[in-house]
Amino acid sequence: MTRVTRISHATFTTPDLDRLTDYYVEVLGLSLAARDKDRAFLATVTGQQALVLEKGEVPFCTKIAFQIAPGRELGEVAKGLAERHGIDAERRSDAMPGVAEILSFADPKGTTIELFSDAEPVAFDRTPKGFVPLKLGHIAFKATELQPLVRFYEEVLGFRVSDWREDFFVWMRCGPDHHTANFVRGDKPKMHHVAFELKDQAEIIRACDFLGKNGFPLIYGPGRHVIGDNIFTYHRNPDGQIVELYTELARIDSEELGYFVPRPWREDHPYEPKTWGPGTVGNLWGPSAPPDFRDG
Ligand SMILES: [Fe+2]
């Protein structure tokens with residue numbers, strides 16, 4: 001099996017490349033690694049790949065890139081994907097600065113999955129920022145059928161299920177973080193939100209002040225999710241997509257132990273992957289999500 005180790009970056013199309021690039025650099029605290037006529041490549045200030053923005057008709061998340069074990073030969077990985085899963089992966093070399101080669105193929109809902117084994121950081125950015133995301137943390141998608149996606153992410157990419165909410169919402173991990181990919185049943189395949197990790201609660205407050213001052217009010221939060229433990233805030237970017245900023249996400253530090261690191265507010269010890277019932281609240285601290293939030 002090919003085992004994904006972490007999420008690296010995602011690709012979005014946008015009808016206004018300049019506007020979205022300005023937002024991610026000037027407001028969200030990312031760094032412009034490279035730019036051409038139709039694309040902008042964004043990284044964290046420490047030089048870790050984060051986003052590719054491409055000119056397109058509508059705002060859409062088209063690709064997600066994951067790192068596999070460093071040093072893995074991509075030709076061998078492609079062979080394994082073909083033999084074990086019948087996947088015909090394309091090998092490409094122009095995906096992202098710092099990433100020399102990738103393998104590309106589609107998941108069951110049509111999102112392009114990109115795998116690479118080796119990456120170099122782009123330059124360190126010392127420009128003062130309003131706040132600083134540590135990394136692209138996870139992407140949540142709506143999909144019409146969840147089981148084929150869960151099987152694909154487990155069997156092809158090596159993900160594990162962290163939690164289910166009844167049978168309509170699943171959170172999956174590829175490393176210690178509680179979730180890197182979430183899928184919620186919906187009327188059509190569509191990204192629900194893209195999430196960036198901040199270092200602590202103080203950075204979340206800084207981010208809320210900075211977003212507010214720059215005309216990006218919160219649409220939900222701050223609050224604490226019950227499933228996954230994270231402190232969350234959500235706002236919309238200039239393309240109307242929901243962006244989450246979070247901290248204190250639950251972690252499984254040892255897959256052998258199989259439970260999440262204990263947290264003092266949580267009632268179940270040990271907190272192991274499970275299915276949560278219909279009474280589970282989304283926000284431990286207060287109000288539920290606004291009515292249009294579920295649509296993404
Ligand atoms: Fe999230």
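View 1. The iron ion is coordinated at 2.0 to 2.1 Å by the NE2 atoms of His138 and His193 and by OE of Glu244; donors are N, O and S atoms within 2.8 Å of the metal (3.2 Å for Na, K and Ca), and sites may look incomplete as water is not among the atoms. Along the sequence, the spacing of the donor residues is H-x54-H-x50-E. Histidine 138 belongs to strand E9 (residues 135-143) and histidine 193 to strand E13 (residues 190-197), so the pair ties together parts that are 55 residues apart in sequence. Helices (H or I, at least four residues) and strands (E, at least two) are DSSP runs, numbered from the N terminus.

**View 2. The largest pocket.** The space in the largest pocket amounts to about 560 Å³. Among the 27 residues that line this pocket, Phe169, His225, Gly282, Ala289 and Phe293 are the closest to its centre. Two or more lining residues come from each of E9, strand E11 (169-173), strand E12 (181-185) and E13. A pocket is an open set of points on a 1 Å grid over the protein atoms alone, where a 1.4 Å probe fits, with protein on both sides within 12 Å along at least five of seven lines, and lining residues have an atom within 4 Å of a point; the volume is the space filled by probe spheres set on the points, which are joined across faces, edges and corners.

View 3. In contact terms (heavy atoms within 4.5 Å), 37 residues of domain 1 meet 32 residues of domain 2, and the centres of the two domains, taken over C-alpha atoms, are 20 Å apart.

**View 4. Surroundings of alanine 10.** Alanine 10 lies in strand E1 (residues 6-14) and is buried, with a relative accessible area of 0%. Leaving aside neighbours within four places in sequence, alanine 10 is in contact with residues including Ala50, Val52, Ile64 and Leu136.

View 5. Glycine 221 is joined to proline 222 by a cis peptide bond with omega near 5 degrees, and proline 222 is placed in strand E14 (residues 218-224). Aspartate 229, in the loop between E14 and strand E15 (231-236), has a positive phi near 70 degrees although it is a residue other than glycine, and at 0% relative accessibility aspartate 229 counts as buried.

**Basis of the views.** Residues are numbered from 1 along each chain as its sequence is written, and side-chain values use heavy atoms, with hydrogens and water left out. As this is a predicted model, local features need pLDDT of at least 70 and side-chain atom pairs count only at pLDDT 80 or more, whereas totals for chains, interfaces and linings use all residues.

Key
Domains from an automatic or database assignment. Buried < 20%, exposed > 50% of the residue type's maximum accessible area, 1.4 Å probe, protein only.
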